[in-house]
Amino acid sequence: MGGCNPMETLEEENLIAAARLILRALDSNKELSNEARKILVELGSRLTSMPKITATEHEDDEEEEGGELSDIKERINSIQEKIMTWEGDESMIWDCDPEEGKEYLKAVDEARKLAERLESLNLSKDENEPLRNVNTVIQTSMARIEEEFRHMLVHNRQNFEPEHLSFRSSEDDGLDENSIISFGDDSVDDSVQRDSVSRGSEVFIMDLVNPIVIPDLRSIANLMFDSNYGRECTQAFISARKDALDDCLFILEIEKMSIEDVLKMEWVSLNSRIRRWTRAMKVFVRIYLASEKFLCEQIFGQSETESVSSICFFESSRASMLQLLNFAEAIAIGPHQPEKLLRILDMHEVLSDLMPDIEGLYSDENGSYIRNEFQDALIRVGDCVKSTFIEFENAVGSNTSNSAFPGGGNHHLTRYVMNYIKTLTDYSDSLNTCLKDHDQALNDQDSSSSPDTNLGNGNDDAENGNSSSSPMALHFRSLMSILECNLEEKSKLYRDEPLGHLFMMNNINYMAEKVKNSELRNILGDNWIRQRNWKFQQYAMSYERATWSSILNLLREDGLSNSGSSGSASKTLLRDRLQAFYTAFEDIYKNQTAWSIPNSQLREDVRISMSLKVIQAYRTFVGRHSNHISERHIKYTADDLENFIMDLFEGAPKSLHSFHRR
């Protein structure tokens with residue numbers, strides 16, 4: 001029945017089915033209503049009025065069908081001959097001539113359409129040889145097309161690292177001293193630095209496959225799917241692109257490592273790999289994955305009802321994404337060592353920044369697995385940040401010393417902690433997210449245990465917005481309290497009481513200055529700074545009292561006015577007092593020139609404060625008793641003493657035994 005319209009054939013089949021249904025209904029129901037009889041009579045009238053099909057028309061249809069079958073056989077033979085000619089050549093068709101490749105696809109597509117036509121003729125088994133032949137041709141050509149498809153994907157790859165996003169640096173393999181410094185290291189650098197991992201949501205689409213071959217790849221994919229070889233097509237694509245994305249990770253210097261391998265690594269090597277991972281993660285997601293999805297949509301389409309491109313994207317990228325996420329998991333379950341905190345925060349920040357990208361790339365059901373794995377990795381790294389920060393607090397609190405810190409200057413623990421938390425302010429979003437589940441208990445503990453929480457007016461929150469009540473702020477305040485308690489214990493190691501006060505003055509002042517001149521001010525608040533200013537001033541006064549009270553007592557009049565004493569005895573007492581003062585001053589000079597006040601302004605303030613008290617008392621004493629003290633007993637002038645005081649706290653011991661007045 002050559003030339004029949006498919007719609008007409010369908011209508012005829014429906015008509016036959018309806019007639020059969022009417023016959024069955026008449027057999028089972030002998031009594032009909034008048035309405036039913038009326039409709040059946042009308043149906044009978046129409047049937048009798050229709051022209052009868054003659055035997056001649058049947059014969060004409062059969063002849064037409066036979067002629068079409070003969071034509072189909074000829075076309076199949078012609079296509080088979082062409083296909084076998086191409087099969088005899090082992091070279092890749094598209095490599096030799098893309099136009100010839102298009103001709104090949106046209107021939108295969110014609111074979112596919114002929115097969116569909118033969119199937120519609122409902123031929124007998126004896127007449128089915130043409131259908132078997134054309135299916136053999138299609139099967140042979142599909143194997144060839146699949147090979148060509150894979151070859152074009154592999155040999156037209158364009159993997160490269162965009163120059164403006166290049167991150168490779170010689171420091172990646174170097175030692176990051178700031179990240180591995182220990183609390184006991186005296187050479188701590190005052191500039192703990194975070195890595196410069198750029199933030200933002202820049203997406204850069206590049207051609208992972210030469211755009212010239214994209215139309216051919218799309219034509220091959222369409223033909224394979226039309227020929228019911230879609231599974232083979234997607235498998236070839238996934239295999240080729242999975243290898244390509246593995247190579248992308250290699251370009252980004254990401255090595256394949258098991259969780260066990262990561263856990264066994266020394267920190268110096270692991271530190272370098274984490275830094276490399278944080279940079280590579282953004283490049284891989286926002287460049288390679290975004291471009292990979294674009295490639296899938298170019299070849300397989302992006303219709304909402306078409307999931308092929310989504311499946312191919314998921315399957316081709318799954319292994320690479322899991323490799324990256326497994327590294328994050330290994331870091332999260334590893335030891336929570338304080339020196340790792342900055343690097344782990346880098347990882348958390350990158351994962352957090354990329355979460356919207358991942359949700360966009362894997363937005364449908366096919367990508368739910370990667371979305372969930374990525375979310376789990378973010379949570380695990382966040383938990384690791386919290387645990388590591390708490391471990392950092394514990395390490396600060398448990399840091400012990402067997403001997404006093406030389407010179408009473410800024411302890412390396414103080415400098416390390418303050419520079420560390422100053423750097424942590426760059427991670428405020430991540431820290432607040434990670435610490436929020438722990439802040440309420442900490443707030444309760446801080447309000448009940450901190451010795452100075454009631455100092456000041458308590459208006460920090462109003463002055464500094466919400467920052468001063470954030471989870472990070474609560475933890476920072478707690479850490480400052482822990483540090484202060486530790487420093488107080490260290491100050492008790494000094495045998496010289498004034499040096500212990502000087503030590504506390506220096507370190508509390510250092511803490512206050514670091515907070516005042518950085519972002520920490522907005523986190524801890526002005527009230528916290530006022531409390532520390534008050535504290536270090538109290539320690540300064542305690543130092544002055546402990547150092548100079550006894551020596552200034554020698555210059556007082558107490559005990560000098562004794563009516564029972566002779567004038568010579570009074571002169572002797574004056575000379576003894578003055579000599580005792582000189583001896584005590586020289587001893588202070590010898591000791592305290594070796595002491596240290598690193599802050600130049602604070603050093604100058606303490607010197608001036610002492611000079612005002614000591615020089616005034618000395619001038620008054622010498623002036624009042626100038627008639628009873630000869631010139632040869634005056635060892636130092638007031639100006640000499642003032643100059644000597646200016647030598648104190650330089651951290652370099654000096655002596656006055658060799659001093660001679662001019």
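The model is predicted, with local features needing pLDDT of at least 70 and side-chain atom pairs counting only at pLDDT 80 or more, while totals for chains, interfaces and linings use all residues. Residues are numbered from 1 along each chain as its sequence is written, and side-chain values use heavy atoms, leaving out hydrogens and water.

Ser430 sits in helix H16; helices (H or I, at least four residues) and strands (E, at least two) are DSSP runs, numbered from the N terminus. Ser430 counts as buried because its relative accessibility is 6%; buried means under 20% relative accessible area, exposed over 50%, and partly exposed in between (1.4 Å probe, protein chains only). Apart from neighbours within four places in sequence, Ser430 is in contact with Leu345, His348 and Glu349, contact meaning heavy atoms within 4.5 Å.

How are two packed helices described? The description uses the angle between their axes and the distance between the axes. Axes are lines fitted to C-alpha atoms, for helices over the stretch in contact, and angles run from 0 to 180 degrees between N-to-C directions.

For helix H14 (residues 368-398) and helix H16 (residues 428-435), the axes come within 8 Å and cross at roughly 90°. H14 is therefore roughly perpendicular to H16; that label covers 65 to 115 degrees, with angles under 35 degrees counting as roughly parallel, over 145 as roughly antiparallel and the rest as oblique. On the H14 side, Gly382, Val385, Lys386 and Phe389 meet Leu431, Cys434 and Leu435 of H16. By class, this contact of H14 with H16 holds five nonpolar, one polar and one charged residues. Ala, Val, Leu, Ile, Met, Phe, Trp, Tyr, Cys and Pro count as nonpolar, Asp, Glu, Lys and Arg as charged, and the others, Gly among them, as polar.

H16 also packs against H19, and their axes come within 7 Å and cross at roughly 85°. H16 and H19 are therefore roughly perpendicular to each other. Ser428, Leu431, Asn432 and Leu435 of H16 meet Pro471, Met472, His475 and Phe476 of H19. The residues of this contact divide into five nonpolar, three polar and no charged.

Helix H19 (residues 471-491) has 21 residues, which at 1.5 Å a residue should span 30 Å, and its end C-alpha atoms are 30 Å apart, which agrees; the expected span is 1.5 Å times one less than the number of residues. Of the 21 residues of H19, 17 are buried, leaving the helix mostly covered.

The loop between H14 and helix H15 (412-424) contains Asn410, which counts as buried at 13% relative accessibility. Not counting residues up to four places away in sequence, Asn410 touches Phe405, Arg415, Asn506, Asn507, Tyr510 and Pro598.

Most residues other than glycine have a negative phi. Asn228, which is not a glycine, has a positive phi of about 65°. This residue lies in the loop between helix H8 (214-226) and helix H9 (230-251), and Asn228 counts as exposed at 70% relative accessibility. Glu253 likewise is not a glycine and has a positive phi of about 65°. Glu253 is placed in the loop between H9 and helix H10 (259-264) and counts as partly exposed at 29% relative accessibility.
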